[in-house]
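The entries follow the order in which I consulted it.

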Amino acid sequence: MLKLMKYELRKQAFSKLIIIIIAALGEAVFFSGLLLDKHDTMGLAIGLLTIFTMGAMFFIAFESIITYYNDLKQKQSYMLFLTPHTPYTIVGAKVLSSGIQIILSGLVFGLIFAVDGAALLAKYSSINEIKDFLHELLSVQFHIDVDGKLLVLAVLALLISWISTITLAYLSITLSTTFLANKRGKALISFIIFLILEYIFSKISDIVTSMPAIPQGPDFTIIISIVLYTVLTAITYLATAWMLDKKVSV
Amino acid sequence: MLLECNGLVKTYMSKRAVDNLSLNIERGRIYALLGPNGSGKTTFMKIAAGLVKPTSGSIAFCGNNIGVESKKKVAYMSTEPFFYNYMTVEDVGKYYQDFFEDFDMKRYDDLLEKMELSKKDHVKTLSSGLAAKLKLAATLARKSELYMLDEPLNGIDIIARDRVMTAILETIGNENSIIISSHLVDELEKVVDNAIFIKNGGVYLAGGAEELRATHKKSLVELYKEIYA
């Protein structure tokens with residue numbers, strides 16, 4: 001599986017290089033603004049980095065889905081499906097390498113913002129007051145005590161939900177190439193199935209988190225979301241691999 | 001028996017690409033899989049390679065279903081280019097070495113030299129002829145029990161064909177077999193032990209090349225023309 005993962009990561013390495021270069025440029029602009037005390041430059045850099053982070057995270061997920069689509073639809077699929085591995089290993093390698101990319105990217109961007117924030121706090125002590133004010137506002141008005149643990153959990157939940165969206169997309173693509181392969185409008189049908197499954201899952205998530213038996217509070221809500229998204233990822237992975245095992249024709 | 005198929009069927013939409021195909025492949029023989037475009041040759045090979053699941057019927061390699069174990073012992077070369085665009089010729093060798101225990105890097109290097117390919121070349125910049133040679137080099141560098149080559153001479157110029165055919169024939173021994181599909185029947189006539197004529201997804205005529213020539217008093221080329229004209 002490690003070899004499969006190596007080639008999965010290699011296939012998507014170029015875009016990661018571009019993302020790193022752009023993020024590094026953004027950081028260079030931010031720190032030049034910080035050193036020269038140019039607030040506009042810093043603001044612009046942070047704003048662009050925020051938009052770029054969201055775009056990059058979206059692109060990483062999108063690229064994983066497109067790579068999987070190409071691996072089923074194009075002749076390059078032979079490279080993958082001729083190897084002596086079961087569909088469970090092949091899809092497993094894809095899910096793991098996508099997960100690693102999403103989590104690593106999340107960590108890197110998280111680190112970038114942590115460093116930028118620390119640098120701002122170190123240079124401008126007045127920002128500390130704004131931070132404290134926001135902290136108090138959330139605590140008094142919304143009863144949310146934002147601490148490091150909660151922040152890490154929230155980011156983790158976001159990343160895992162993103163991974164589950166990828167595996168759900170894998171499932172829909174696989175459906176269109178296996179059980180729906182001989183049906184007209186299979187791409188549209190599988191896309192609709194994807195949307196329906198996303199909707200059903202969000203409803204299940206809402207119901208579970210609001211159940212009286214479940215302890216309330218932001219910590220628990222996030223932990224339950226993480227568990228639910230992990231279960232969804234596991235189910236969609238198994239269903240995808242099973243369909244490939246039974247029906248794949250590349 | 002190396003490969004056994006019984007009543008194999010594969011349908012796409014309403015079309016039957018393979019229709020009730022039954023055949024056996026023995027060890028130590030060279031088979032010509034003959035038929036025009038759309039006759040079902042490629043689909044049959046893809047089923048045997050584990051790339052396509054049959055709609056019905058059975059297929060077994062050394063008595064076992066097609067799967068992980070058969071993929072370790074069957075080398076399939078498709079007619080279309082299928083290497084990743086980012087790869088160099090060297091990367092292709094490393095990829096095969098990573099995934100196939102029977103891959104021989106030294107043989108790959110020898111074949112590259114014979115086919116006049118450079119390890120530094122990028123796959124996406126290769127001409128169709130060189131890309132065809134690369135597919136062959138990667139496939140033949142495996143020491144497989146069964147080779148299936150789909151149109152191996154496509155895109156290869158007339159001068160290089162002899163060299164390619166020699167490389168293919170060098171690969172065969174008593175323990176392995178090779179199935180070659182080609183429109184260039186005259187190129188295969190001289191070298192094959194068996195011929196399988198595929199028509200409308202099924203086996204129309206099959207047997208030893210000598211036996212077919214003697215029974216029908218015709219060469220394989222003439223038989224091909226008679227069957228498909």
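I began with secondary structure, for which I take helices (H or I, at least four residues) and strands (E, at least two) as DSSP runs, numbered from the N terminus. The model is predicted, so I note that local features need pLDDT of at least 70, that side-chain atom pairs count only at pLDDT 80 or more, and that totals for chains, interfaces and linings use all residues. Residues are numbered from 1 along each chain as its sequence is written, chains are lettered from A and ligands numbered from 1 in the order in which they are written, and side-chain values use heavy atoms, with hydrogens and water left out.

**Entry 1: a surface patch on chain A**

I located L107(A) in helix α5 (residues 87–123) of chain A. I classed L107(A) as exposed because its relative accessibility is 54%; buried means under 20% relative accessible area, exposed over 50%, and partly exposed in between (1.4 Å probe, protein chains only). L107(A) belongs to a nonpolar surface patch of about 510 Å², together with M1(A), L96(A), I100(A), I103(A) and L104(A). Such patches are made of residues with over 30% relative accessible area and no salt bridge, like charges being joined within 9 Å and nonpolar side chains (Val, Leu, Ile, Met, Phe, Trp, Tyr) within 5 Å. The areas come from the Shrake-Rupley method with a 1.4 Å probe, and for residues only the protein chains shown count as cover.

**Entry 2: record annotations**

I consulted UniProt, whose unreviewed entry places the feature "transmembrane region" at residues 13–36, 42–69, 90–115, 150–173, 185–202 and 222–244 of chain A. UniProt positions are given in the numbering used here, feature names are shortened, and annotations may be inferred rather than shown by experiment. In the model, residues 13–36 of chain A are 96% helix and 0% strand, with end C-alpha atoms 35 Å apart. For residues 185–202 of chain A I read 94% helix and 0% strand, with 26 Å between the end C-alpha atoms.

For chain B, an unreviewed UniProt entry lists residues 3–225 as "domain: ABC transporter". I found 37% helix and 27% strand over residues 3–225 of chain B, with the end C-alpha atoms 28 Å apart.

**Entry 3: two buried loop residues of chain B**

I found R142(B) in the loop between α5 (128–140) and β7 (146–150) of chain B. Is R142(B) buried or exposed? R142(B) counts as buried because its relative accessibility is 3%. Its side chain makes a polar contact of 2.9 Å with the side chain of D102(B). A polar contact is a pair of N or O atoms within 3.5 Å; within protein, one must be able to donate a hydrogen and the other to accept it, and residues adjacent in sequence count only if both atoms are side-chain atoms. Leaving out residues up to four places away in sequence, R142(B) touches residues including K72(B), Y96(B), F103(B) and Y147(B), where contact means heavy atoms within 4.5 Å.

I then turned to S182(B), in the loop between β8 (177–181) and α7 (185–189) of chain B. S182(B) is buried, since its relative accessibility is 1%. S182(B) and E151(B) are 31 residues apart along the chain, yet their C-alpha atoms are separated by 4.6 Å. With residues up to four places away not counted, S182(B) touches L33(B), L34(B), E151(B) and L188(B).

**Entry 4: salt bridges**

I define a salt bridge as a side-chain nitrogen of Lys or Arg within 4 Å of a carboxyl oxygen of Asp or Glu.

K11(A) and E8(A) form one of them, with the closest N and O atoms 3.0 Å apart. Both lie in helix α1 (residues 2–11) of chain A, three residues apart, about one turn of the helix. K11(A) is buried at 18% relative accessible area, and E8(A) is buried at 3%.

R213(B) lies in helix α8 (residues 209–216) and E189(B) in helix α7 of chain B, so the pair ties together parts that are 24 residues apart in sequence. R213(B) is partly exposed at 21% relative accessible area, whereas E189(B) is buried at 14%. Back in chain A, salt bridges that share partners join E8(A), K11(A), D71(A) and K94(A) into one network.

**Entry 5: positive phi**

I noted that N200(B), a residue other than glycine, has a positive phi near 50°. N200(B) sits in the loop between β9 (194–199) and β10 (202–208) of chain B and is exposed at 63% relative accessible area.
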